[in-house]
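Reader: Please take one close look at the ligand site in this model. I want the contacts, the surroundings and the record's annotations in one connected account.

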Amino acid sequence: MFKDQKFNYAVFGNPIKHSKSPMIHSFFSKQTGILHTYNSIHVPLKDFRSVLCSFFEKYGQGANVTAPFKREAYSFSTQLTERAKIAQSVNTLKKVDNQYLLGDNTDGIGLLSDLIRLNFIKKNYSILILGAGGAVQGVLFSLLSFGCSVFILNRTIENSKKIVLQFRKYGNINIFNQELLNIKYFDLIINARSIYTEESGNVLPLSLISSKTCFYDMNYQIDNTFFIDWCIKIGATYYTNGIGMLVFQAAHSYFLWHNILPETNYIIEILNKKNNMEFKDKLI
Ligand SMILES: NC(=O)c1ccc[n+]([C@@H]2O[C@H](COP(=O)([O-])OP(=O)(O)OC[C@H]3O[C@@H](n4cnc5c(N)ncnc54)[C@H](OP(=O)(O)O)[C@@H]3O)[C@@H](O)[C@H]2O)c1
């Protein structure tokens, strides 16, 4: 499969066609002067292990892994960083000494770095997270260790329960319940659902939101996401998409591979302009 390709790094996912990671890594490569080739590889749902084995046996020195393979990448790793162990989910792999595969998770540091850049987070903030999938597993340790309280609201309550059990030893985390309606405003609401429809947008009660609430959509696309459209519709003051998280998590993968942390802010600006994003942050 990789016979004629001499790339060293790649992102693996399904779907993967619209991934911005190759573009981000080409910015990093130009900036640092390190020759770092980076492709995107579509993986059939049942073939993650065989595709990754083939990649690392031939040319691969490092990989990013995206939905829906982060949990498989966790069991595929031969060693794990502390944050990947806690998340039980891996988005970055590194071949070390030609001997073993180190699994890391840079989603948490990626999201936290972007929230700090935007001035969207402070210690003791109360955060509502919509979703309880692999991305949430990746970011919870960072948010809880920063000193925030987290509430999880997810379609499948069983998944919310599992994630709360997994992370409650690291801080203040609870399942969102209806009793909080009318008595609580959230400082930050993060959308980590893979699908956010207009219908699900209307389900979030406005009584949970104040004029100071910040909204962060982990998703990003060429146009506004449904979540961002909904933020605009309800007159939210501060909202943004997940491009910044994407660039920061990529920078921390790059750091694992090359021991250099690239500059990120100008790349976030370029990507947001390219996407023609509606974007309102506290930096303006
Ligand atoms: N910006 C970034 O750098 C970055 C990084 C990581 C992830 N992401 C994005 O974050 C999103 C989530 O990723 P993930 O890895 O957590 O995916 P995942 O593991 O597949 O989890 C998907 C989540 O979305 C929920 N969901 C799916 N369809 C839904 C629907 N129709 N209505 C309500 N909820 C629904 C699921 O709820 P159930 O539990 O009920 O199934 C689950 O909580 C993806 O779109 C991904 O692209 C962005």
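Author: The ligand takes up the space of the largest pocket. The model is predicted, protein included. Around the ligand stand 21 residues. The closest are Ala-135, Asn-154, Thr-156, Asn-159 and Asn-219. By class, the shell holds eight nonpolar, nine polar and four charged residues.

A backbone N or O atom of Ala-132 is 2.8 Å from an oxygen atom of the ligand. Gly-134 also uses its backbone: one of its polar atoms there is 2.9 Å from a ligand oxygen. Asn-154 uses its side chain instead, with an N or O atom 2.8 Å from an oxygen atom of the ligand. On its own, the ligand has 930 Å² of accessible area, and the protein covers 79% of that.

Which elements give two or more residues to the shell around the ligand? They are helix H6 (134-145) and helix H10 (243-258).

Next, the record. An unreviewed UniProt entry carries a "binding site" annotation on Ser-19, Lys-20, Ser-21, Thr-66, Asn-91, Asp-107, Tyr-220 and Gln-249. From this set, the lining of the largest pocket takes in Ser-19, Lys-20, Ser-21, Thr-66, Asn-91, Asp-107, Tyr-220 and Gln-249. That is the pocket whose space the ligand takes. Lys-20 is placed in the loop between strand S1 (9-13) and helix H1 (21-32).

The unreviewed entry also has a domain annotation, "Shikimate dehydrogenase substrate binding N-terminal", for residues 11-93. That stretch is 43% helix and 19% strand. Its end C-alpha atoms are 10 Å apart.

Some backbone details deserve a check. Most residues other than glycine have a negative phi, and most peptide bonds are trans. The bond joining Asn-14 and Pro-15 is cis, with omega about 5 degrees. Pro-15 sits in the loop between S1 and H1, and Lys-20 is placed in that loop too. A cis bond also runs from Ala-67 to Pro-68, with omega near 5 degrees. Pro-68 belongs to the loop between strand S3 (62-65) and helix H3 (70-76). Asn-124 is not a glycine, yet its phi is positive, about 75 degrees. Asn-124 lies in the loop between helix H5 (107-118) and strand S7 (126-130).

Definitions and conventions: Residues numbered from 1 in each chain as written. Predicted model: local features only at pLDDT ≥ 70, side-chain atom pairs only at ≥ 80, totals over all residues. Heavy atoms only, no water. Near = heavy atom within 4 Å. Polar contact = N/O pair within 3.5 Å; in protein donor to acceptor, adjacent residues only side chain to side chain. Areas by Shrake-Rupley, 256 points an atom, 1.4 Å probe, with all protein chains shown as cover. 1 Å grid on protein atoms, 1.4 Å probe; cavity = no way out; pocket = protein on both sides within 12 Å on 5 of 7 lines; lining within 4 Å. Sits in = over half its atoms within 2 Å of the grid points. Helix = DSSP H or I, 4+ residues; strand = E, 2+ residues; numbered from the N terminus. Nonpolar A, V, L, I, M, F, W, Y, C, P; charged D, E, K, R; others polar. UniProt positions renumbered as here; feature names shortened; annotations may be inferred.
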